[in-house]
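Please look first at the sequence and the model, and then follow the paragraphs below with both in view.

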Amino acid sequence: MISQISPRLRHAGYGFTEDNFMHMMMLDTGSSNRTRYVQEMALPMHLAIQTGNASVMRGGLVPGDFRGRNWNISTNQVNEERLMEVHHPQWHDIVRVFGNRARRFERDDEADVLSVTDEKITLKWDCWGVEAFKKMEDGTFYLSSGGRQEEPFSPRKKVAVLFIATGRYMTFWEEFYAASKQYFLTGHDVHYFLFTDHPEVETGDDVTLVRKPFYPWPMETLRRFETFLTVREELQQYDYIYFMNGTLLPVGPVGQEIFPMNRQGLMVTLHPGYYQRPRSTYPYEKNGMSRARVLHSEGEYYVAGGFNGGRAEDYLRMCRELADAVRRDLEDGVIAVWHDESHLNKYVIGRHPLVLSPEYLFPETLDFNQKNLMAIKPKVKMIVKDKSLQKHGGHAWLRQQI
């Protein structure tokens with residue numbers, strides 16, 4: 001075992017080499033519980049487990065009374081250590097659970113352990129709230145879609161949906177509106193703000209028409225936060241605000257799981273094209289002249305610009321800051337590589353928003369990243385129409401370039 005594992009040993013800020021070796025053996029054998037691992041592997045008792053810091057200690061380096069107390073490995077949960085490989089929408093890491101506290105190996109994120117079994121663990125993170133993880137068949141733990149414990153919500157919330165349909169993008173509005181009425185937050189009071197340059201649009205009482213000019217590509221998407229601020233006084237009257245891209249179409253029930261907790265404030269959605277892919281592939285802005293620049297040491301995930309929102313106060317604050325960043329970039333003659341999306345990815349760094357998986361932005365066609373996305377296809381809530389398809393007119397036609 002040593003010959004197989006030793007080439008991968010590394011100091012990662014969580015212990016000495018012998019600790020690392022012990023942890024690697026546990027992970028390689030699929031064990032997340034230190035106590036049971038020691039018992040099942042029948043490790044010789046001259047290896048004493050020091051529960052204070054989880055070090056593997058050799059005889060003679062600790063007082064005799066300590067060795068006596070630890071001659072038989074305790075089965076008390078307080079003295080158990082668990083190592084879990086965790087897949088979270090925001091990160092993939094090893095989480096060490098010791099007693100009533102948990103900590104990620106690669107970062108300083110720590111949590112209280114509310115409950116723990118071999119199959120499920122519920123953590124209350126110091127920074128952003130409560131999350132539950134369930135063990136899958138491969139032995140790794142995944143964020144439970146129904147396990148995130150929300151702060152209490154009143155039966156109904158006032159929700160504003162922002163939809164831009166200028167130029168030929170107006171072709172998507174009617175289908176989107178009908179699908180949203182059927183699926184999107186049906187237990188709450190949803191009101192739509194339709195930003196358009198079309199002079200005649202028939203709408204219901206739950207739609208507010210906001211006149212705006214059509215901006216040539218890419219200004220329409222780049223200046224969208226500026227667009228939203230034109231109705232900021234009206235938007236302040238709502239509990240939550242959500243922007244939904246013109247090509248987005250709800251196809252399944254979307255409920256209050258998209259409401260961020262107070263400590264989170266915002267909600268963003270992982271980009272389907274970079275889901276479960278290494279950070280080196282993320283198309284962050286690298287130009288140091290741009291306010292959207294992301295340093296090599298920053299960023300854990302890449303979010304899409306097509307579906308985001310949150311508590312009204314937090315969302316409007318984000319709109320103000322990003323509109324200002326875009327304006328200052330333009331004054332300097334700079335346009336971020338992926339426009340508003342680049343600025344959004346910069347903004348969420350160091351914050352802890354609610355991060356949704358691509359089931360809320362699932363591509364209509366699977367021309368890219370198909371393997372990673374197939375696992376979540378059965379639970380898709382919203383799809384993104386493929387603008388390159390002829391039935392939608394194609395990119396150039398929609399952008400009025402032809």
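Begin at Met 267, which stands opposite Gly 309 in strand S16. Strands here (E, at least two residues) and helices (H or I, at least four) are DSSP runs, numbered from the N terminus, and two strands pair if DSSP finds at least two bridges between them. Strands of a sheet pair through backbone hydrogen bonds, either parallel or antiparallel.

Before going further, note that this is a predicted model, in which local features need a pLDDT of at least 70 and side-chain atom pairs count only at pLDDT 80 or more, while totals for chains, interfaces and linings use all residues. Residues are numbered from 1 along each chain as its sequence is written, and side-chain values use heavy atoms, with hydrogens and water left out.

Strand S16 also pairs with strand S13 (240–244), and these two run antiparallel, joined by five bridges; here Phe 243 stands opposite Asn 308 in S16. S16 is mostly covered, since eight of its nine residues are buried, where buried means under 20% relative accessible area, exposed over 50%, and partly exposed in between (1.4 Å probe, protein chains only).

These strands belong to an open sheet of seven strands, with mixed pairing and the order S12-S11-S10-S13-S16-S15-S17. Its edge strands, each pairing on one side only, are S12 (207–211) and S17 (354–356). Neighbouring strands of the sheet are turned by 20° against each other on average, direction ignored. Elsewhere in the sheet, S10 (residues 158–164) and S11 (residues 189–196) pair in the parallel sense over seven bridges, and the bridge partner of Ile 164 in S11 is Phe 195.

Helix H5 (residues 173–183) packs on the sheet, touching S10, S11, S12 and S13, and its direction makes about 170° with that of S11. Contact means heavy atoms within 4.5 Å, and axes are lines fitted to C-alpha atoms, for helices over the stretch in contact, with angles running from 0 to 180 degrees between N-to-C directions. In H5, Trp 173, Phe 176, Tyr 177, Ala 179 and Ser 180 are buried, and what covers the buried residues of this helix includes S10, S11, S12, S13 and strand S14 (248–250).

Helix H9 (residues 312–331) and H10 pack at an angle of about 125°, with their axes 10 Å apart. That makes H9 oblique to H10, because angles under 35 degrees count as roughly parallel, over 145 as roughly antiparallel, 65 to 115 as roughly perpendicular and the rest as oblique.

Finally, which backbone features deserve a second look? Most residues other than glycine have a negative phi, and most peptide bonds are trans. Leu 185, however, has a positive phi of about 45° although it is not a glycine; Leu 185 lies in the loop between H5 and S11 and is buried, with a relative accessible area of 1%. A cis peptide bond joins Trp 217 and Pro 218, with omega about 5°.

As for confidence, the chain averages a pLDDT of 80, and 72% of the residues score at least 70; pLDDT is the predictor's confidence in each residue, from 0 to 100.
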